[in-house]
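Me: I have a protein model open and I want to learn how to read its side-chain contacts. Please take me through them one by one.

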Amino acid sequence: MKLKELYLSLIKEGKKYQISELDIRYLITDLLNLENQSSFYLKLDQEVKDIKKIKNGFNQLRKGVPLSYITHKAYFLGDIYYVNKDTLIPRMETEELVTLLIKRINDYYPNKKQLNILDIGTGSGVIAIKLKKEFPDARVDATEMSENALKVAKKNIKDHQVKINLYHADAFPHNKVKYDVIVSNPPYIKYKKGVDQSVLDYEPHDALFISKENNVYQKVLQSKRCVSPCLLMFEIAPNLVDDLKRLMNKHLTNYSFNFSKDISNKVRFLTIMC
C-alpha cells in the first residue's frame, strides 16, 4: 500500500473517533522515522513496508492514548525529547514558563555566570536541559521523586549531551548547595473535574494532583536553600493564587512577587524575588 492510500484511509477512519489529520500525520511521520512533515509529503507515492506498525499506533490513538506516548516523542522549545507513561507530556504553558524564566534570569543576574539553578520535579528533564543549554556556565541540579521518571530524564540528558546533576528527592537534593534560581512545574491540579479524560487515563497522577504530601510550593517557600537575592518561579493553577499569597506571607520576608498570565489569559506563573 502506498503512503497516500494509507493516510487517506486513516483520515476516513479517524473522523469516527475525532482524531485530527494533524495527529495522523505526526503519527506516521514519527513511526516511519521521517525527518519532518515535508518528508511525509515527498513520500506519499512510496510503498509503506511496515503498515502493521502504523495501524497499531492508530488503534492506540483511537483508544485515547496521547500521541506522544505512542511515538515516545515530545517537542519542547524546538527540541525533541523522549517521553513515556512515567512522565508528563510537556505543555505549551511550560514552554512559556521557561521562556519567561530565561528573560527574568537575564534581567536579575545580567553579569553573573556562575549561577546555581535547581529544577524541582524535573520529570522528563525538559526544563533543566533547556536552562543548561541557555546558561552553559551554570550549575543545574534537578530532582524527581519518581525513579522511573528519573530514568527518562537521564536518557534525555544523555541524548542532549548536557551536564545536569540528577537527584532522587521529592523537593531538594541531598547536598548543601544554596541556589540562585529555583524553578518548578509541580503537581498543581486540585480537582479531577474538568481534566481531559486522556490525561486522567494515561498521565501520572502524582505529577498532576497537588496534596499535602507533595505541596512543592510550601516546601520551597519554607526552606532556607536560597542565596540572597534568589529568584523563584513556579507554574501554577489559577485557583491557587490565594493559597500561594498566604504561603508567601507566612514563610517569606523582604520579598516581591508577580503573577503572570499564559497565552490563554489564565494566571499560570508565579515569580518571587527574595
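Reply: Buried means under 20% relative accessible area, exposed means over 50%, and partly exposed lies in between (1.4 Å probe, protein chains only). Keep in mind that this is a predicted model, where local features need pLDDT of at least 70, side-chain atom pairs count only at pLDDT 80 or more, and totals for chains, interfaces and linings use all residues. Residues are numbered from 1 along each chain as its sequence is written, and side-chain values use heavy atoms, with hydrogens and water left out.

Me: How do I read a pair of aromatic rings, and how many aromatic pairs does the structure hold?

Reply: A pair of aromatic rings is described by the distance of the centres and the angle of the planes. Rings of Phe, Tyr and Trp (its six-membered ring) pair if their centres lie within 6.5 Å; planes under 30 degrees apart count as stacked, over 60 as edge-to-face and the rest as tilted. The structure holds seven such pairs. One of them joins F76 and Y81: the centres are 6.3 Å apart, the planes stand at 75°, and the pair is edge-to-face.

Me: Is F76 buried or exposed?

Reply: F76 is buried, because its relative accessibility is 0%. Y81 is buried too, at 1%.

Me: And what is the geometry of the rings of Y217 and F234?

Reply: Their centres are 5.3 Å apart and their planes are at 70°, so this pair is edge-to-face. The pair links distant parts of the chain: Y217 is in helix α10 (residues 216–221), F234 is in strand β7 (residues 226–235), and they are 17 residues apart. Helices (H or I, at least four residues) and strands (E, at least two) are DSSP runs, numbered from the N terminus. Y217 counts as buried at 1% relative accessibility.

Me: Which residues do ring pairs link into a cluster?

Reply: Y7, F40 and Y41.

Me: Which charged end sits over the ring of Y82?

Reply: That of K155, 5.4 Å from the ring centre. The rule: NZ of Lys or CZ of Arg must be within 6 Å of the ring centre and within 35 degrees of the ring normal.

Me: How many salt bridges does a search of the whole structure find?

Reply: Eleven. A salt bridge is a side-chain nitrogen of Lys or Arg within 4 Å of a carboxyl oxygen of Asp or Glu. Take R62 and E13: their closest N and O atoms are 3.9 Å apart. R62 is in helix α4 (residues 51–62) and E13 in helix α1 (residues 3–14), 49 residues apart, so the pair links distant parts of the chain. R62 is partly exposed at 35% relative accessibility, and E13 is partly exposed at 24%.

Me: Which residue forms a salt bridge with K73?

Reply: D30, with the closest N and O atoms 3.7 Å apart. K73 lies in strand β1 (residues 73–76) and D30 in helix α2 (residues 21–31), so the bridge ties together parts 43 residues apart in sequence. K73 is partly exposed at 23%, whereas D30 is buried at 7%.

Me: Where do R246 and D243 lie?

Reply: Both are in helix α11 (residues 241–251), three residues apart, which means about one helical turn separates them. R246 is exposed at 54%, while D243 is partly exposed at 25%.

Me: Which residues do shared partners join into one network?

Reply: E13, K16 and R62, through salt bridges.
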